[in-house]
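Reader: I am new to this structure and would like to go through it with you. Could we start with a strand?

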Amino acid sequence: MEESQRRRRLPRLCLLAWFAAALAATALDAEASPSPMHCAFCLSSISHRSPIRCDLCSRRIYCSEECQAEDNKEKDGVGQNHKSWCSLEYGEEGIDWEVRKISPEKGMGVVALRKFRDGERVMIERGLTHEQVVAGLHPAMKDLEPKDGSLDDKFSLMLLAFLTAEDRLGVRVSRCNHGCNYNVQYWWTPSEEDVCTMVLVAAREIQKGEEIVTAYVSFDNCWHDISADECRQELSSEWGIMCPPDCICYDKERNRMIAQYRKLFKVFQRHASSSSAKAAKEISPAFDKMMELMQLLKFGVCARAHMYLGAAMAAAQHEETRPRVLVYLQLYQEGEMTKFGRTDASIELWWRQAQGLEE
């Protein structure tokens, strides 16, 4: 008996149950189907079932030995410099996340293939300079937006700001769409390092199947006085992004708390070079209030850790608050470990010099 004839003879309730079971089976098949494999360097699809894998982590795959060699290059390469990051836990394409079409309006985007916890590394990628991009040194540059644009156009559209040096572009990171309610933040390796690498870290818990989004420009960046209105204007003018009326950037209470946080942060900036008694009295209450606001704003673990550095430098100026410096520095270094798998040696040296332990 044909399938269509069998369906027609089923009672109505049985028919509904049959459709529900069929849909569930389809969903399970789709979920079970593996994500397409891509070479970690050139990003080309790998159709064969025996890709070349990293001997140490067995997670990063390549289409050829040449691509693996390029991805392991340090100073002169345009790949990840994988041998420097292989021992760390972080997300890999096709295992932990994938690039797929999100919608006709958004185009491509990055989607989580598993759950990420707050502070977990989602992606690690070398930042390419304008010179490297326009020279066409990375084979996957041609696939970036705008499709018909020049390499210079692609760099201008897809770059990520590098605050202490020249701007950079991450070939895979650039696939992340914008979200004012972002769930990842990107952090840069220290500027004195020869290889500039961006580490994408979960700013909150990310669920399986959730789109991974970052902030192209952030209205809640507490280190820069940029309002939500200014952010929306920049998003519109630079990327043609229009925030819907229910976007989190319109939340008046959140904007009020961010303004309050920025005001308190300026207390630390003022007192970082002041040794007055008044400054000493203001530091501890300001820090405690900032901690309360960070909890309410649900800042990620790395964003919280970054604030501790400013608190440590301000507290170091006053005898009354110096005992808190080590606490702040420990919390800051925990954030550095979360991001980069190592502590910030320059800050450790600064504190030893501040104590007169080293010249």
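Author: Both faces of strand 9 (residues 211-214) are covered. Glu211 and Val213 on one side, and Ile212 and Thr214 on the other, are all buried, where buried means under 20% relative accessible area with a 1.4 Å probe and protein chains only. Strands are DSSP runs of E of at least two residues, and helices are runs of H or I of at least four, numbered from the N terminus.

Reader: What kind of model is this, and how are residues numbered?

Author: This is a predicted model, in which local features need pLDDT of at least 70 and side-chain atom pairs count only at pLDDT 80 or more, while totals for chains, interfaces and linings use all residues. Residues are numbered from 1 along each chain as its sequence is written, and side-chain values use heavy atoms, leaving out hydrogens and water.

Reader: In which sense do strand 4 and strand 9 pair?

Author: Strand 4 (residues 107-112) pairs with strand 9 in the antiparallel sense over two bridges; two strands pair if DSSP finds at least two bridges between them. Ile212 in strand 9 is the bridge partner of Val110.

Reader: And strand 6, parallel or antiparallel to strand 9?

Author: Strand 6 (residues 177-178) runs parallel to strand 9, joined to it by two bridges. Asn177 stands opposite Val213 there.

Reader: What is the strand order in the open sheet?

Author: The order is 3-4-9-6, an open sheet of four strands with mixed pairing. Strand 3 (97-103) and strand 6 are the edge strands, each pairing on one side only.

Reader: Let us turn to the helices. How many residues of helix 9 are buried?

Author: Eleven of the 15 residues of helix 9 are buried, among them Arg304, Met307 and Tyr308.

Reader: Which residues have the most contacts inside the largest nonpolar core?

Author: They are Tyr261, Phe268 and Met307, in a core of 42 residues. Such a core is a set of buried Ala, Val, Leu, Ile, Met, Phe, Trp, Tyr and Cys residues joined through side-chain atoms within 4.5 Å. Helix 9 gives the most to this core, with nine residues.

Reader: What does Phe268 touch, leaving aside its neighbours within four places in sequence?

Author: Phe268 is in contact (heavy atoms within 4.5 Å) with residues including Ile283, Phe287, Met290 and Ala311.

Technical notes
Buried means under 20% relative accessible area, exposed over 50%, partly exposed in between (1.4 Å probe, protein chains only).
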